[in-house]
Amino acid sequence: MIFLNNFEFTELNKVIKNNSELTKHFRYYNKRNQLDLNKHDYHILVIEDRQVVGYGHLDPEDDFVWLGMFVIKQFEGRGIGNAIVKHLIKNTNKNIQLTVDKDNHNALKLYLKNNFVIFLTDALKHYCIRK
């Protein structure tokens, strides 16, 4: 598994366009433009066997960062999500927050395993912070 933090966002665009199921839980990208993405503290494409299998970013806000990520469906269950979360955690010294859809049980389990706790829940999602 290779973590690339220097890549063209056109590559990320292609991955998202070719994997329409990502838009169900990874809506962040649809709400941002290129300039927003350039403001990330850190971002990575995850490559395995010359293929993009995931993505992650740390998006700054005040004194913390928002963690966002996805793993392409056909590669789920291989530990890629866990590797992305651990890699992102190692690349910041700020508090980390994230949101996860209430029906995304596998992602919630992953975050809880990595010391995130739910601090707020609304009708659709949980808000988590790393303790």
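**Entry 1: before starting**
I noted that this is a predicted model.

**Entry 2: strand β2 and its partners**
I began with β2, residues 42-48. I found it mostly covered, with 6 of its 7 residues buried. Next I looked up what it pairs with. Strand β1, residues 2-4, runs antiparallel to β2 over 3 bridges. One pairing I wrote down is Ile 2, whose bridge partner in β2 is Ile 47. β3 also pairs with β2 in the antiparallel sense, over 7 bridges. There, Tyr 42 stands opposite Leu 58 of β3.

**Entry 3: the turn between β2 and β3**
How many residues lie between the two strands of the β2 and β3 hairpin? I found 2 residues between them. I checked the backbone angles of both. Asp 49 has a positive phi of about 50 degrees without being a glycine. Arg 50 is not a glycine either, yet its phi is positive, at about 65 degrees. I flagged the pair because most residues other than glycine have a negative phi.

Are these side chains buried or exposed? For Asp 49 the relative accessibility is 74%, so I put it down as exposed. Arg 50 has a relative accessible area of 85%, so Arg 50 is exposed too.

**Entry 4: His 87**
I found His 87 in helix α4, which spans residues 80-90. Its relative accessibility is 15%, and the cut-off for buried is under 20%, so His 87 counts as buried. What does His 87 contact, leaving aside its neighbours within four places in sequence? I listed Phe 3, Tyr 42 and Ile 44. Tyr 42 is the residue I had already seen opposite Leu 58.

**Entry 5: the two sides of helix α5**
I moved on to α5, residues 105-113, and found Ala 107, Leu 108, Leu 110 and Tyr 111 buried. They cover an arc of only 160 degrees around the axis, so they sit on the same side of α5. His 105, Asn 106, Lys 109 and Lys 113 are exposed, on the face turned away from that buried side.

What do the buried residues of α5 pack against? My list has β4 (64-71), α4, β5 (95-101), β6 (116-121) and β7 (125-130). The α4 in that list is the helix that holds His 87. Just after α5 I noted another positive phi, about 70 degrees at Asn 115.

**Entry 6: aromatic rings**
I finished with the aromatic pairs and counted 6 of them. The ring centres of Phe 7 and Phe 9 are 5.4 Å apart and the planes meet at 65 degrees, so I logged the pair as edge-to-face. Phe 7 is buried at 12% relative accessibility, and Phe 9 is buried with a relative accessible area of 5%. Phe 119 and Tyr 127 have ring centres 6.4 Å apart and planes at 55 degrees, so that pair is tilted. Phe 119 is partly exposed, with a relative accessible area of 46%.

Notes
Residues numbered from 1 in each chain as written. Predicted model: local features only at pLDDT ≥ 70, side-chain atom pairs only at ≥ 80, totals over all residues. Heavy atoms only, no water. Helix = DSSP H or I, 4+ residues; strand = E, 2+ residues; numbered from the N terminus. Buried < 20%, exposed > 50% of the residue type's maximum accessible area, 1.4 Å probe, protein only. Phe/Tyr/Trp six-rings, centres within 6.5 Å; stacked < 30°, edge-to-face > 60°. Contact = heavy atoms within 4.5 Å. Pairing = 2+ DSSP bridges. Arc of directions from axis to C-beta.
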